[in-house]
Amino acid sequence: PKAAYGYYDMPEQKLRAIYLDAIDKPYKTAADGTVTDDGENELAFGNRQINWFAHKALRLPSADWSVIVLSHIMPIATPLMSDRPFGGEAMWEILCAYKNGGKYSACAEKNSARYSVECDFSGRAGDVIAVITGHQHCDRMQMANGIRVITVAAAASDNFGTEMCDNGRIQYKTRGSGEESAFSVFVIDRKERKIWQ
C-alpha cells in the first residue's frame with residue numbers, strides 16, 4: 001500500500017512484470033508534520049523495497065513462470081549512465097541470484113539510507129526475460145550478467161538527452177510534432193526466447 005513499486009501477473013502467459021521505484025527515498029517529518037525528502041540520496045531503492053523484491057516479487061507461483069523487471073533508472077551503472085541509485089547494486093545482485101539459482105546477502109548505509117537483505121534461491125534458477133529501463137532517452141539493447149537490458153526513449157515531449165540510440169540517431173522530440181511523445185510495445189515469445197520492440 002502507498003508504494004510506487006509492485007508487480008502485475010499474467011497467469012495465461014505465466015509472466016510477472018515487476019516494476020521498481022528508483023526514487024524510493026528516505027523522508028523526514030518535521031515537528032509541524034511537514035514531510036520532506038532527506039536531500040542526501042537523490043536516487044535510492046529503500047530497504048523495504050529491496051526486501052520485498054527478494055522475498056515477495058521474485059517468489060513466483062511456479063518454476064515455469066518468467067519475469068520482466070521495469071525501472072525508470074537502471075539499478076547498476078551502465079555505459080549510458082555512470083550513476084546508480086543507492087541500493088541498486090543489491091537489487092541487481094538479487095536479480096542475478098534469482099536468475100542463477102544462488103544466494104545473496106548485503107547491507108549498506110549512506111547518509112540516512114540503509115538496507116540489509118539476505119535471500120536464497122538455491123536450486124531454483126529463474127527465468128529473467130529482460131530489465132526494461134528509461135531515463136537515458138534512447139532505444140538501446142545490451143547484455144549484463146547474461147540478462148537482457150533494454151533502454152527505451154523517454155515519453156517526455158522535450159528530450160534533453162544526447163545519447164545515441166542503437167539505430168545511430170539521437171531521439172530528439174519537438175512539442176507539437178509527430179514525434180512529440182514515445183511509447184514502446186514489446187512482443188515476447190518465451191518458447192523461442194525472442195523479444196521484439
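Me: What makes Glu109 and Arg114 a salt bridge?

Reply: Their closest N and O atoms are 3.4 Å apart. The term asks for a side-chain nitrogen of Lys or Arg within 4 Å of a carboxyl oxygen of Asp or Glu, so this pair qualifies. Side chains of opposite charge can pair when their charged atoms come close.

Me: And what kind of model do these values come from?

Reply: It's a predicted model: local features need pLDDT of at least 70, side-chain atom pairs count only at pLDDT 80 or more, and totals for chains, interfaces and linings use all residues. Residues are numbered from 1 along each chain as its sequence is written, and side-chain values use heavy atoms, leaving out hydrogens and water.

Me: Why is Glu109 called exposed, and Arg114 partly exposed?

Reply: Here's the scale: buried is under 20% relative accessible area, exposed is over 50%, and partly exposed is in between (1.4 Å probe, protein chains only). Glu109 has 56%, so it goes in the exposed class. Arg114 comes out at 48%, so it is partly exposed.

Me: How many salt bridges are there altogether?

Reply: The structure holds 3. One of them joins Asp9 and Arg16, with an N to O distance of 2.6 Å. Another joins Lys14 to Asp64, whose closest N and O atoms are 2.5 Å apart.

Me: What makes that last pair a link between distant parts of the chain?

Reply: Lys14 and Asp64 are 50 residues apart. Lys14 sits in the loop between strand E1 (6-10) and strand E2 (15-19), while Asp64 is in the loop between helix H1 (47-57) and strand E5 (66-71). Those labels are DSSP runs numbered from the N terminus, with at least four residues for helices (H or I) and at least two for strands (E). Lys14 at 33% is partly exposed, and Asp64 at 36% is too.

Me: Back to Asp9 and Arg16: why do they get separate labels?

Reply: Asp9 has 26% relative accessibility, so it counts as partly exposed.

Me: What surrounds Arg16?

Reply: Arg16 is in strand E2. Skipping neighbours within four places in sequence, Arg16 is in contact (heavy atoms within 4.5 Å) with residues including Tyr7, Tyr8, Leu60, Trp65 and Ile68. A polar atom of the Arg16 side chain also lies 3.5 Å from the backbone oxygen of Lys56.

Me: How do you know that there are 0 disulfides?

Reply: A disulfide is a pair of cysteine sulfur atoms within 2.5 Å, and a search of the whole structure finds none. As for accessibility, Cys96 is buried at 6%, and Cys119 is buried at 5%.

Me: What makes Phe183 exposed?

Reply: Its relative accessible area is 74%, so Phe183 belongs in that class. Phe183 is found in the loop between strand E10 (147-151) and strand E11 (187-189).

How values were computed. Polar contact = N/O pair within 3.5 Å; in protein donor to acceptor, adjacent residues only side chain to side chain.
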